[in-house]
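I opened the model and went through it one item at a time. These are my notes, in the order I made them.

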Amino acid sequence: MQTVAIVDFSFGNLRSVHNALRSLAEPGTDIRIATEPADIEQADRIVFPGQGAARHCMLALRQKSLADAVLDAAQSRPFLGICMGMQVLMEYSEENDGVDCLGLFSGRVQAFAPHVERGSGFKIPHMGWSRIEQTPHPLWENILDQSRFYFVHSYYTAPRDEEAIAGRTDYVLPFASVIAKDQVFAMQSHPEKSGEHGLTLLRNFLNWDGQC
Amino acid sequence: MGLAKRIIPCLDVDGGRVVKGVKFVDIRDAGDPVEIARRYDQEGADEITFLDITASHHDRDTTVHMVEAVAEQVFIPLTVGGGIRTVENIRTLLCAGADKVGINTAAVANPEFVREASDTVGNQCIVVAIDAKQISAPDAPSRWDIFTHGGRKDTGIDALEWAQKMEAYGAGEILLTSMDRDGTREGFDLELTRAMSDAVGIPVIASGGVGNLQHLVDGVTEGGADAVLAASIFHFQEYTIGEAKQYMQQNGIEVRL
């Protein structure tokens, strides 16, 4: 039996993540919403979803004293970042006039807006189903390369280290839609809202030993 | 561009049950929102929208329970609109498992509500629904006003200017319904859809008037819509969502298959 912690640090839709994991996990799996550091420290694997604005999310992580526990977990146990839960792993986000983030990955989070011309057909937020070009990783097992996942975001992640990129998506510009390092896998899109492929990815995560 | 155009079936719900005759042949209980949502998911719907037409405030709890039940089993985005007046309403629905909420009348009554809602839950959750009706004379330049109260009350507000204002206030998406076309099965108001899509930088969902699959194609290619919403053509199994997507793809539109 394992314990999975879903970290609560934003006003995000945790219920959907919880529902999706619940539907996939083996009976007896303890899936809990983590609101304090102890919940994270005790878990075998961590899901780190997030929605909303970067400043608010980082503030919540610090106010709840979750930042250290999150960083510790990301360096020791299988760890899945989703949406804002991916972005705050970077060093810095341009959102809200600039926000310092957790810095687990080097690089920044940048706005699409300066790259978009009106009339180009590109709408912001990037909302809907886009393809992810995979870089080999155990969590892609049984998911065809170029499968579509559901995205909703106005900022994109620009990691400095090419080797950290585990998936690429093209919208407005080619960007890193998935990053990975050791036992961390973090994606911009929402696997809990991406139908079959998303569920497969979550199942892979639940079974992942954290090795690449 | 790599982003699929979305097909969104829309369901009217009253007291937590789907109403207005959804008639899938192999569904046991035609009013069960979970069964119907699951069916649309299997057919390849990109999102599902519920329009809550529950009259009494008290019965709205049943809508929340319905959203909870659907979100436990259907893992694509869910939008709920109808009767949303407070940030608390929005929080309740999002916590139940909705991904977005549609705001219509409350935005017209108090535009600041949209700003407050967007600041609280993020613009990705806020869909502003606009019911627009052409009010210009036949030989004059086109103009559409937004109507409330089910299309009966002209607010005197220009639909395109309103949408731009709502974008500035933090709307993440516009759900545009043509009151002239709604229920006619004559196709979207393409001129309105195109004007709207050009007027805002956020995604536009076209709604109102779909009677066949070519209408869906036209909404995207001529109207410039990012997503197309339809009700009756899917409810009665005239077409499956899969057939709609095949047809759109054959017409050069990128869809998720």
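I count two strands as paired if DSSP finds at least two bridges between them. The model is predicted, not experimental.

**Entry 1: one sheet.** I looked up an open sheet of four strands in chain A, and its order is 6-5-7-11. The pairing in this sheet is mixed. Strands of a sheet pair through backbone hydrogen bonds, either parallel or antiparallel. I then asked which strands are at the edges. They are strand 6 (99-100) and strand 11 (155-159) of chain A, and each pairs on one side only.

**Entry 2: helix 3.** Next I took helix 3 of chain A, residues 54-63. Which of its residues are buried? I listed A:Ala54, A:Cys57, A:Met58, A:Ala60 and A:Leu61. They lie on the same side of helix 3 of chain A, because they cover an arc of only 160° around the axis. I looked up what these buried residues pack against: strand 3 (45-50), helix 4 (67-74), helix 5 (84-87), strand 5 (92-93) and strand 6 of chain A. After helix 3 of chain A comes A:Ser65, and I noted its positive phi, near 55°.

**Entry 3: A:Ser194.** I located A:Ser194 in the loop between strand 14 (184-187) and helix 6 (195-207) of chain A. Is A:Ser194 buried or exposed? Its relative accessibility is 1%, so I put it down as buried, the cut-off being under 20%. Leaving aside neighbours within four places in sequence, I found A:Ser194 in contact with A:Trp129, A:Phe149, A:Tyr150 and B:Phe75. One of these contacts, B:Phe75, is in chain B.

**Entry 4: chain A as a whole.** I noted six helices and 14 strands in chain A. The C-alpha atoms fill a box of roughly 50 × 40 × 30 Å along the principal axes. The radius of gyration of chain A is 16 Å, which agrees with a compact globule, because one of 212 residues would have a value near 17 Å. Buried residues make up 63% of the 212 residues in chain A. Of the contacts in chain A between residues at least 6 apart in sequence, 70% join residues at least 24 apart. I recorded an accessible surface of about 8,300 Å² for chain A, with 44% of it belonging to carbon and sulfur atoms.

How values were computed:
Residues numbered from 1 in each chain as written. Chains lettered and ligands numbered in written order. Predicted model: local features only at pLDDT ≥ 70, side-chain atom pairs only at ≥ 80, totals over all residues. Heavy atoms only, no water. Helix = DSSP H or I, 4+ residues; strand = E, 2+ residues; numbered from the N terminus. Buried < 20%, exposed > 50% of the residue type's maximum accessible area, 1.4 Å probe, protein only. Arc of directions from axis to C-beta. Contact = heavy atoms within 4.5 Å. Rg over C-alpha atoms; globule rule 2.2 N^0.38 Å. Areas by Shrake-Rupley, 256 points an atom, 1.4 Å probe, with all protein chains shown as cover.
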